[in-house]
Amino acid sequence: MSPFILATLLFALGLGTMITFASSHWLLAWMGLEINTLAILPLMAQHHHPRAIEATTKYFIAQATAAAMLLFASATNAWLTGQWDIQLMTHPLPVTLITLALALKMGLAPMHSWLPEVIQGVDFTTGLVLSTWQKLAPFVLLLQLQPTNSTLLLALGTASTLVGGWGGLNQTQLRKILAYSSIAHLGWMTIVLQFSPSLALLTLIVYFTMTFSAFLMFKLNNSTNLNSLAISWTKAPVATALAPLVLLSLGGLPPLTGFMSKWLILQELTKQDLMPLATLLALSALLSLYFYLRLAYSLTLTVSPNTLIGTTPWRHPTSHLTLLLSTSTVATVFLLPITPAIVTLFSL
């Protein structure tokens with residue numbers, strides 16, 4: 001792809017998200033979401049491969065359906081209440097429809113089935129964008145709607161944590177595992193959204209940091225499935241040694257950074273007298289932790305040539321930029337001790 005075209009698409013991708021951030025009118029928010037979607041489609045289909053084209057088509061259909069639902073719900077709200085402002089959503093019918101549309105855009109269960117297939121069909125860089133940047137605009141809109149649909153948000157969040165845990169158990173493709181990880185983490189954010197928006201934002205930032213490290217590590221090793229992880233040691237030994245820590249941080253295991261958000265969310269749910277829900281979330285975290293442990297096992301305890309599942313390659317100097325990977329990895333592993341300072345910063 002031409003650098004000029006790539007820069008134009010990336011500019012449009014950022015512009016669409018920024019328009020949604022700055023909008024107080026549903027029509028303008030919808031316009032930003034559409035610009036964002038149209039900008040990401042050529043980036044997904046730039047590798048002329050049948051699987052990439054299929055993933056792009058699925059993504060377009062899912063996003064177009066969600067955008068149509070959102071536009072219909074906002075028009076319905078204007079018809080019922082005479083208001084187009086995002087902050088003035090009062091009628092339960094359009095609020096429910098818009099919440100479901102945003103859940104479909106982000107990939108919350110039970111509207112999640114497109115997300116693993118789409119991320120599996122694109123490369124790691126585009127999958128990273130889909131798992132992080134593309135979640136921002138719908139999440140901000142959901143953040144502005146959250147006081148009016150508490151039961152629906154709890155249901156969507158609980159379903160997402162369970163589906164994200166169960167769905168990743170029998171997967172062998174790394175991109176699908178990361179997709180189910182995204183679904184599970186979004187469920188945690190959705191549940192705590194109405195009780196503590198600042199904590200939901202903190203969880204989103206921590207999730208972005210951990211996912212950034214995981215995607216870039218797998219891209220550095222050029223690993224796409226569990227079997228290929230066994231030969232990662234010969235390609236990048238230092239990154240392979242740190243990768244289990246990143247994966248266990250995604251699973252929320254102390255004393256790593258991923259434990260921070262889960263610990264604070266469970267504490268907040270306990271304060272809200274939602275002990276059964278907190279228990280269910282803790283159990284669902286164990287499901288996710290299991291498949292992260294599978295990945296860590298494949299990285300560290302099945303090193304070639306002890307197994308015959310892969311051919312050991314020559315270790316060539318990498319051409320990938322590793323500054324971002326090293327920065328996010330340090331944050332993923334070592335941020336837990338300064339949790340009080342981080343919580344205070346996000347509470348201001």
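Domain bounds here come from an automatic or database domain assignment. In this predicted model, that assignment gives domain 1, covering residues 1-124, and domain 2, which is made up of 148-301 together with 321-347. The centres of domain 1 and domain 2, taken over C-alpha atoms, are separated by 24 Å, and the contact between them draws 21 residues from domain 1 and 23 residues from domain 2.

The area buried between domain 1 and domain 2 amounts to about 1900 Å², and carbon and sulfur atoms give 73% of this area. On the side of domain 1, Leu 108, Gln 120 and Phe 124 supply 38% of the area that this domain buries against domain 2, which is more than any other three residues supply.

Polar interactions are also found between the two domains, where five residue pairs are in polar contact, both members of each pair being at pLDDT 80 or more. One salt bridge is found across the interface of domain 1 and domain 2. A salt bridge joins the side chains of Glu 117 and Lys 176, with an N to O distance of 3.3 Å.

With regard to secondary structure, helix H4 (92-106) and helix H5 (114-121) each contribute at least two residues to the side of domain 1 that touches domain 2, and the largest share of that side, six residues, comes from H4. Sorted by class, the side of domain 1 that touches domain 2 comprises 14 nonpolar, five polar and two charged residues.

Definitions and conventions:
Residues are numbered from 1 along each chain as its sequence is written. This is a predicted model: local features need pLDDT of at least 70, side-chain atom pairs count only at pLDDT 80 or more; totals for chains, interfaces and linings use all residues. Side-chain values use heavy atoms; hydrogens and water are left out. Contact means heavy atoms within 4.5 Å. Buried area is the accessible area (1.4 Å probe) that two parts lose on being put together, summed over both. A salt bridge is a side-chain nitrogen of Lys or Arg within 4 Å of a carboxyl oxygen of Asp or Glu. A polar contact is a pair of N or O atoms within 3.5 Å; within protein, one must be able to donate a hydrogen and the other to accept it, and residues adjacent in sequence count only if both atoms are side-chain atoms. Helices (H or I, at least four residues) and strands (E, at least two) are DSSP runs, numbered from the N terminus. Ala, Val, Leu, Ile, Met, Phe, Trp, Tyr, Cys and Pro count as nonpolar, Asp, Glu, Lys and Arg as charged, and the others, Gly among them, as polar.
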